[in-house]
Amino acid sequence: MAKAPVLTPQADDFPRWYQDLIAKAELADNGPVRGSMVIRPYGYGLWERMQAEMDARIKETGTQNAYFPLLIPQSYLTKEADHVEGFAPELAVVTHGGGKELEEPAVVRPTSEMIINDYFSKWVQSYRDLPLLINQWANVVRWELRPRLFLRTSEFLWQEGHTAHATYEDARDFAAHIHRQVYEDFMLNVLGMDVVPGRKTVKERFAGAINTLTLEGMMGDGKALQMATSHELGQNFAKAFNTRFLSKEGKQELVWQTSWGSTTRMIGALVMMHGDDNGLRVPPRLAQIQAVVLAIKGDEAVLAKVREIGDRLKAAGVRVHVDDRTDVPFGRRAVDWELKGVPVRVEVGPRDLENGTAMLARRIPGGKEPVAIDALVELLPAVLEEDQALLLKQSRERRESRTAEVSTIQEAVETATAGGWARIPWVDLGEEGEAELAEHSVTVRCLVAEDGSVPDADDAPGNVAVVARAY
């Protein structure tokens with residue numbers, strides 16, 4: 001009888017494969033309240049690395065981190081009509097505290113535009129106070145009807161940036177800078193994820209924004225996932241909160257604003273874009289463990305050598321873990337590290353020691369080969385960079401091979417339903433066509449210019465709609 005696979009094969013049941021991998025790679029568990037999740041240490045380690053990489057990029061823009069309250073007076077949400085309408089179905093509301101009914105209910109933050117703008121209106125007095133650039137790392141709650149770990153949960157972790165500027169142009173350019181130099185750079189160069197930068201349609205843009213910029217990634221099953229967004233808020237919130245400044249000309253003017261965010265959804269994207277039937281494949285630049293050195297047997301000389309290799313690799317700047325748990329069968333340990341997607345395994349046993357070699361197993365391209373132990377320190381950094389580039393190349397080739405140029409709505413629906421993306425001229429689709437797509441659970445993920453750049457307007461000549469089914 002054939003041995004049952006560790007994971008449900010992707011081709012058999014992609015959603016089941018995803019759930020299997022989340023559990024068996026020890027990334028997360030469902031929480032006790034429907035829609036909540038417990039992020040386990042290995043999964044949280046991925047988020048910590050994501051935080052560190054993005055936080056550095058965010059701070060390079062001059063943005064500073066702050067923290068704002070979790071509970072927001074319900075009255076705040078009535079100040080910007082489009083915003084409250086967009087979030088109303090997802091709100092969690094606290095009506096009692098300390099055993100008593102609250103005089104005013106408090107909303108558990110679904111996003112922080114409202115409370116942050118209340119304080120911006122106090123902090124901004126003059127053009128000298130601008131630009132005001134704030135980011136916070138926090139949790140938010142949006143009551144989710146169809147939860148799925150990392151992708152859609154009622155509570156999730158994120159960063160949310162909020163800025164105020166003296167001019168429309170400054171705000172517009174800052175939102176675009178975050179979109180490309182923070183988010184896209186991080187996704188391409190750290191996550192190894194091919195993404196399409198574009199502009200959301202009016203129907204899909206953030207509630208209360210005048211423009212939303214997005215990055216869309218194709219998952220292993222051909223569906224799209226919105227990875228991160230950057231919004232131009234115009235003066236909508238400035239009007240609601242009367243956030244004004246004294247200009248250089250001595251006039252009272254409203255500020256122009258942006259907001260932008262990325263979430264723990266990126267862990268789900270990491271699983272679905274790079275994972276295979278053997279488990280995760282973690283990009284080396286992201287991995288908290290880039291190389292694991294395994295002792296095959298509990299031989300003292302072997303244990304001493306794996307520890308020595310670990311020390312040498314660590315000194316060379318490789319993030320390394322020594323697995324000397326020889327009371328656990330080697331095969332089980334190897335499968336566990338494979339599931340977790342550690343980029344490289346260095347396996348050492350008595351026979352390897354006699355030959356002065358170690359077995360090098362590369363998770364991303366697959367395969368094993370013996371290498372000289374003395375060559376590991378020089379070899380591994382190059383191997384890790386090769387494998388980082390390979391993940392990006394594979395994700396790009398998947399998207400390009402599964403994206404079709406179409407000219408009709410029917411063709412777009414057929415392509416998306418078959419597990420691909422379609423590109424259709426926006427002039428041939430329009431808002432009526434977008435509504436027709438929605439009847440088939442297909443959405444316009446973004447608008448792009450003919451040359452692949454981000455268009456300056458919703459109706460710019462030559463705009464192309466990228467169409468897909470999405471998570």
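This is a predicted model: local features need pLDDT of at least 70, side-chain atom pairs count only at pLDDT 80 or more; totals for chains, interfaces and linings use all residues.

A: Residues are numbered from 1 along each chain as its sequence is written, and side-chain values use heavy atoms, with hydrogens and water left out.

Q: Which domains does the chain have?

A: Domain bounds come from an automatic or database domain assignment. Here it gives domain 1 (14-274), domain 2 (291-385) and domain 3 (403-469). The C-alpha centres of domain 1 and domain 2 are 40 Å apart. Contact means heavy atoms within 4.5 Å. Six residues of domain 1 and four residues of domain 2 take part.

Q: How much area do domain 1 and domain 2 bury between them?

A: Buried area is the accessible area (1.4 Å probe) that two parts lose on being put together, summed over both. Domain 1 and domain 2 bury about 470 Å², with 54% of it on carbon and sulfur atoms.

Q: Which residue forms a salt bridge with Glu26?

A: A salt bridge needs a side-chain nitrogen of Lys or Arg within 4 Å of a carboxyl oxygen of Asp or Glu. Lys340 is the partner of Glu26, with the closest N and O atoms 3.0 Å apart. The count between domain 1 and domain 2 is one salt bridge.

Q: Is Ser126 buried or exposed?

A: Buried means under 20% relative accessible area, exposed over 50%, partly exposed in between (1.4 Å probe, protein chains only). Ser126 counts as buried because its relative accessibility is 14%. Ser126 touches Phe245 and Leu246, leaving aside residues up to four places away in sequence.
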